[in-house]
Amino acid sequence: AGATSPNLRAILCAMLLLCYYTFLTFILGTGEEDVGDAELLLQPYLSRYPKGAIFLFFSGRIEEIKGNLDGAISRFEEGCAAQQEWKQFHHMCYWELMWCFTYKQKWKMAYFYADLLSKENRWSKAMYVYMKAAYLSMLPSHEDKPFGDDEIQLFRQVPTLKQKIAGKSPPTEKFAIRKARRYKPTEIIRLTVPALEMMYMWNGFSIIGKQRELTEEMLRTINKAEDQLERAVVNDYLVDDRCVVKLLKGLCLKHLGNTLEAEQCFVFVYQNEKKVRYDHYLIPNALLELSLLFVDQGRKEEAIKWLRRAKQNYKDYSMESRTLFRIHAVLSKLKADRKST
C-alpha cells in the first residue's frame, strides 16, 4: 500500500519492494520467482521518470531475471549514462553487466567490468580480482589475455585482499579465497570452471535456463570441461572438480528438459560424498537441486525428504547460509501448496 500511495514515502517503499523482488527472493530463493509484481510496481515510475537512473537499473535487473540479456545490458548502460555524479551507482550497473556477459560467455567483456570494479570499488576487491582471474581461465589457451594479465598471479593476489565487515569476511569472499588457494607457488592445480561455479552461487543458471540457446552453449562448455577432467592426472581435487562439473551439468540438463540425465548428475554428486575432500558445499546443494527437480515433477514427498536431509545432515560448508535460505524457501513453498490443497 505504501508503494502506491500518493505521498513522499511511496518511492522509498517501492525501492524496498523492488530490492526484495529482484534480489532477495531471487538470490536466496529458488531462482524461479515471478517478477510480474516488480514490473507492475516499476512501470508507473519508469513512465514518469524515463531517464531515472535507479529505475533504469531495476528495469535492467527485471529483464536480466527474465533472461532478456540484451535488453538488460541496454538498460544498465542507459542507467550509467543517465547520471555521472554517483559513481557507486555505476558500480552496481557494472556488477550486473559483468554477470550478463558471463551468462553470454563473453569472457573478455565480463573481465572488463570486473577490472573496472577492482579499480574503482572497495566493497570486495578479493571477489573482483578472483572474477578477473576466473574469466581469464575460461578463455581458450590461444587467445590473448586482456591488458597482459595472468590468471595465476591474479589468483595468488586474492587471499591478500581479504577484508572484514563488522568483524567478518563476506561469504563470497571466503569462498573465492578458498578456491584461489589452489594456485600455490609450489604447486598449481587449476580450477576447472571457476566463473561458472561462482555464477551458480548467484543463481545464474536460473537466468540462462530461460534461454535455450544460452543453456545449450553453456552445456557445451561444461561438457568440454568434463572431457578434460576425464583425461586429467589424478590429484587431490579431481573428485571435487568432477562433482562441480556434474552439478552444473545437471542444472543445464534440467532446464533443457532432460530430467532423467539431470537427476543422474545430482545423484552422482551425492554418491561421491565420502570422496569429496574440499568442496563440501556440493553435497547439500546437489540434494537441493535434486529436490527442486522432484518438485517440478510433482514428486513432492521425495523432495521434502531430500530437503530435510540437506538441511539437517551438513554443517560448516562454504556459503551455508545461502543454501539454508534456499532450502527454507522451497520447504515454505511446499508447505503453502499443501495448505492450499
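**Conventions**

This is a predicted model, in which local features need pLDDT of at least 70 and side-chain atom pairs count only at pLDDT 80 or more, while totals for chains, interfaces and linings use all residues. Residues are numbered from 1 along each chain as its sequence is written, and side-chain values use heavy atoms, with hydrogens and water left out.

**Exercise 1. Helices α6 and α7**

Task: Determine how α6 and α7 are oriented to each other.

Solution. 
Step 1. Axes are lines fitted to C-alpha atoms, for helices over the stretch in contact, and angles run from 0 to 180 degrees between N-to-C directions. The axes of α6 and α7 cross at roughly 160° and come within 9 Å.
Step 2. Angles under 35 degrees count as roughly parallel, over 145 as roughly antiparallel, 65 to 115 as roughly perpendicular and the rest as oblique. Therefore α6 and α7 are roughly antiparallel to each other.
Step 3. Their crossing is left-handed, a term used if the near helix is turned anticlockwise from the far one by less than a right angle.
Step 4. Among the α6 residues in the contact are W107, A110 and Y111, and those of α7 include Y128, V129 and Y135. By class, the contact of α6 with α7 has eleven nonpolar, one polar and four charged residues. Here Ala, Val, Leu, Ile, Met, Phe, Trp, Tyr, Cys and Pro count as nonpolar, Asp, Glu, Lys and Arg as charged, and the others, Gly among them, as polar.

**Exercise 2. Helices α16 and α17**

Task: Find the orientation of α16 to α17 and the classes of the residues in their contact.

Solution. 
Step 1. Helix α16 (residues 300–312) packs against helix α17 (residues 320–340) at an angle of about 150°, and their axes are 10 Å apart. The angle makes α16 roughly antiparallel to α17.
Step 2. The residues of this contact comprise nine nonpolar, no polar and five charged. The crossing of α16 and α17 is left-handed.

**Exercise 3. Helices α5 and α10**

Task: Decide how α5 and α10 are oriented to each other.

Solution. 
Step 1. The axes of α5 and helix α10 (residues 194–201) are 11 Å apart, and the packing angle is about 120°. The two helices, α5 and α10, are therefore oblique to each other.
Step 2. W99, T102 and Y103 of α5 make the contact with A195, M198 and M199 of α10. The contact of α5 with α10 divides into five nonpolar, one polar and no charged residues.

**Exercise 4. Positive phi values**

Task: Locate Q105 and M319, and state whether each is buried or exposed.

Solution. 
Step 1. Most residues other than glycine have a negative phi. Q105, although not a glycine, has a positive phi of about 60°, and M319, also not a glycine, has a positive phi of about 60°.
Step 2. Q105 is in the loop between α5 (87–103) and α6 (107–120), and M319 is in the loop between α16 and α17.
Step 3. Q105 is buried at a relative accessible area of 14%, and M319 is buried at 11%.

**Exercise 5. The surroundings of I73**

Task: Describe where I73 lies and which residues it touches.

Solution. 
Step 1. I73 lies in helix α4 (residues 69–82) and is buried, at 8% relative accessibility.
Step 2. Beyond four places in sequence, I73 touches L97, C100, F101 and K104. I73 and Y94 are 21 residues apart in sequence, with 9.9 Å between their C-alpha atoms.

How values were computed: Helices (H or I, at least four residues) and strands (E, at least two) are DSSP runs, numbered from the N terminus. Buried means under 20% relative accessible area, exposed over 50%, partly exposed in between (1.4 Å probe, protein chains only). Contact means heavy atoms within 4.5 Å.
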